[in-house]
2 protein chains.
Amino acid sequence: MPGPTIYDVATAAGVATSTVSRAFSTPGRVSAATREKVLAVAAELGYQPNPHARALLSGKHHTVAMVVSDITNPHYFELIRGAEMRARVSEYTLLLVNAEESPRVEWEQIQRLAPAVDGFLLAASRLPDENLRQIAVQRPIVLMSRELPGLASVVLDHVEGCRQIVAHLSSLGHRDLVYLAGPRNSWMAGTRWAALKAAADQVGLTARRIGPFTPKVSQGGAAADGAVNAGTTAVVAHNDLLAIGVMQRLAQRGLRVPEDISVVGFDDIFAADVCTPGLTTLGGAHADLGRAAVELLLTAGTRGPDDQPRVLLPTELVLRGSTGPVA
Amino acid sequence: MPGPTIYDVATAAGVATSTVSRAFSTPGRVSAATREKVLAVAAELGYQPNPHARALLSGKHHTVAMVVSDITNPHYFELIRGAEMRARVSEYTLLLVNAEESPRVEWEQIQRLAPAVDGFLLAASRLPDENLRQIAVQRPIVLMSRELPGLASVVLDHVEGCRQIVAHLSSLGHRDLVYLAGPRNSWMAGTRWAALKAAADQVGLTARRIGPFTPKVSQGGAAADGAVNAGTTAVVAHNDLLAIGVMQRLAQRGLRVPEDISVVGFDDIFAADVCTPGLTTLGGAHADLGRAAVELLLTAGTRGPDDQPRVLLPTELVLRGSTGPVA
DNA sequence: GTGAAAGCGCTAACAG
DNA sequence: CTGTTAGCGCTTTCAC
């Protein structure tokens, strides 16, 4: 079962193990003839270098771990996809870890894997800032959908995005909006609210926040009722899942979208395009976020702790049927 | 940067490296006092065992690789989720690999990772049977959504599921159906068609197949036109993505679903529930498939090559608005 | 250009 | 119960 080793190859090819090693890692330092022979024998035996042995003395693992705060959220799937694809290009392997929304689990997993990976991608980490800094001294890390001064990060530009949302609603005649907030320990939730509030203030629109809500379809009912109760003409939900849940509840209550109330989401997940009415949502190239994060991680060695990049990718407001002029 | 090793801990605690090792791996074989001390020192130094060194001589990696034929298909996400969660429970790490629908890429990735993982989960593998058998002699493998005699597999019970689809359509008065086939090298596509055909024959319903189609929303247009051209009252699409694309195209052509034509999909992805009309689709606990596959893989050592389990999980036909009585 | 030998971090005999 | 020692498979000096 344990495949052939360089010893087997060396014996079969009549050379030393070091020569076999060189034939693979530094082909220039072996004569063409021996190299050919070694490679031929290796191929015949089905030899595959053992990554563990290699990692053991090189310290390089060719592996990055991606820790996702909640793998059940379809939105992260795009990030995972993008990350996997970029990693593959550099022949890196992607380790996938689910933190189950638990900071403790997240921390334990990271500590466990730290000696075995080249770096971490932390998507929507629920860890306190201090913990993130601790990790960063052990291993290169890149935050996704979260920012922290001194650490590399990739996020969508929500300031500009929220400005667009507000401009859109304002142009339709809405005079106020209600933000259905995401979880308390979500950096994104805070960011979205701040950006929304600032943009609203700027154009003289009233912005209120209710919540927090767990951003799932099932929570849409409570969120919708809260919004109706608040008496607004426009709601901006923390994400598309919540927004879809809201629309379902509104329909149930006999309220029409967008005639009676406009709904906006975040993420532009696939379902936003097929629900009725289509959901107006702030999207962006999420797979690119994943790609950019891996990119940053792989080049982390070239930067000092003082110039950790903060990549801001553009959002795009996708207009669909869920927003319309105020009656 | 390279964290502390057992040597550092041993020195600091004034014991031998083997004692440190034992304190971690076989706590029973050390006196309580020394164990306490070692663990304390280790914690203080922030010592973490190096998994590579451990794997190097144990041959156990506590890692399983999941190879997905096409990571862009949201359906696989559920499988990935389930697998990740089950792996986590046993403190296994899940490696995620995308084969990009290419048998060559799939094969290369598997060969590359073989020496570094405890086994493979192959989801909808596009590899020929022969290659699968070759892999199976190197490492334990579990096929997902594919079967091959002699290899462990987990699939949904499409025979029964397709029978239900046919019964449903038949009860609505449909006398024939058209299957919009998936890719040629997809085992699932062949299986679905065979099951559909058999079930149709049994109840005296005419079944025809057109395609193959790449199962994406964008291919729904061509598929829908083909179905309309064939002049049928019911189409069964290879998966929900294709079905949704079909419904979009039908709407565009002014055809009503289900009044003019009924549509059925496979997978019950999230979007099937929010599109209009809701999509009738053959679902099942896909996350459970992922779980079951990991389960099988982790217990693979206990079975001989002659009793490789073939796990069949139940499907469930989810009735929504896209199917209705024939006019 | 190639071989011999040391050692990466850890565990598993084998002594004591 | 604990220390000594020999590798796991590979790369990397250091000689030749």
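The legends below describe close-up views of a predicted model with chains A and B.

Residues are numbered from 1 along each chain as its sequence is written, and chains are lettered from A, with ligands numbered from 1, in the order in which they are written. Because the model is predicted, local features need pLDDT of at least 70 and side-chain atom pairs count only at pLDDT 80 or more, whereas totals for chains, interfaces and linings use all residues; side-chain values use heavy atoms, with hydrogens and water left out.

**View 1. The contact between chain A and chain B.** In this view 49 residues of chain A are in contact with 49 residues of chain B, contact meaning heavy atoms within 4.5 Å. The buried area is about 4,200 Å², with carbon and sulfur atoms giving 64% of it; buried area is the accessible area (1.4 Å probe) that two parts lose on being put together, summed over both. On the chain A side, A:His52, A:Phe77 and A:Arg88 lose the most area to chain B, together 16% of what that side buries. The count between the two chains is 2 salt bridges, a salt bridge being a side-chain nitrogen of Lys or Arg within 4 Å of a carboxyl oxygen of Asp or Glu. A:Arg88 forms a salt bridge with B:Glu100, where the closest N and O atoms are 3.4 Å apart.

**View 2. Salt bridges within helices of chain A.** A:Glu78 pairs with A:Arg81 in a salt bridge whose closest N and O atoms are 2.9 Å apart, both residues lying in helix α5 (residues 74-89) of chain A, 3 residues apart, about one turn of the helix. Helices (H or I, at least four residues) and strands (E, at least two) are DSSP runs, numbered from the N terminus. A:Glu78 is partly exposed at a relative accessible area of 28%, whereas A:Arg81 is buried at 15%; buried means under 20% relative accessible area, exposed over 50%, and partly exposed in between (1.4 Å probe, protein chains only). In helix α9 (residues 187-203) of chain A, A:Lys197 and A:Asp201 are 4 residues apart, about one helical turn, and their side chains meet in a salt bridge (3.3 Å, N to O).

**View 3. A salt bridge between two loops of chain B.** B:Glu101 and B:Arg126 form a salt bridge with the closest N and O atoms 2.9 Å apart. The pair links distant parts of the chain, 25 residues apart: B:Glu101 is in the loop between β2 (93-98) and α6 (103-113) of chain B, and B:Arg126 is in the loop between β3 (119-123) and α7 (129-138) of chain B. B:Glu101 counts as partly exposed at 33% relative accessibility, while B:Arg126 is buried, with a relative accessible area of 9%.

**View 4. The surroundings of A:Leu242.** A:Leu242 lies in helix α11 (residues 240-252) of chain A and counts as buried because its relative accessibility is 0%. Not counting residues up to four places away in sequence, A:Leu242 touches several residues, among them A:Leu180, A:Phe213, A:Pro215, A:Ala223 and A:Ala237. A:Val217 is 25 residues from A:Leu242 in sequence, yet the two are 4.9 Å apart in space, C-alpha to C-alpha.
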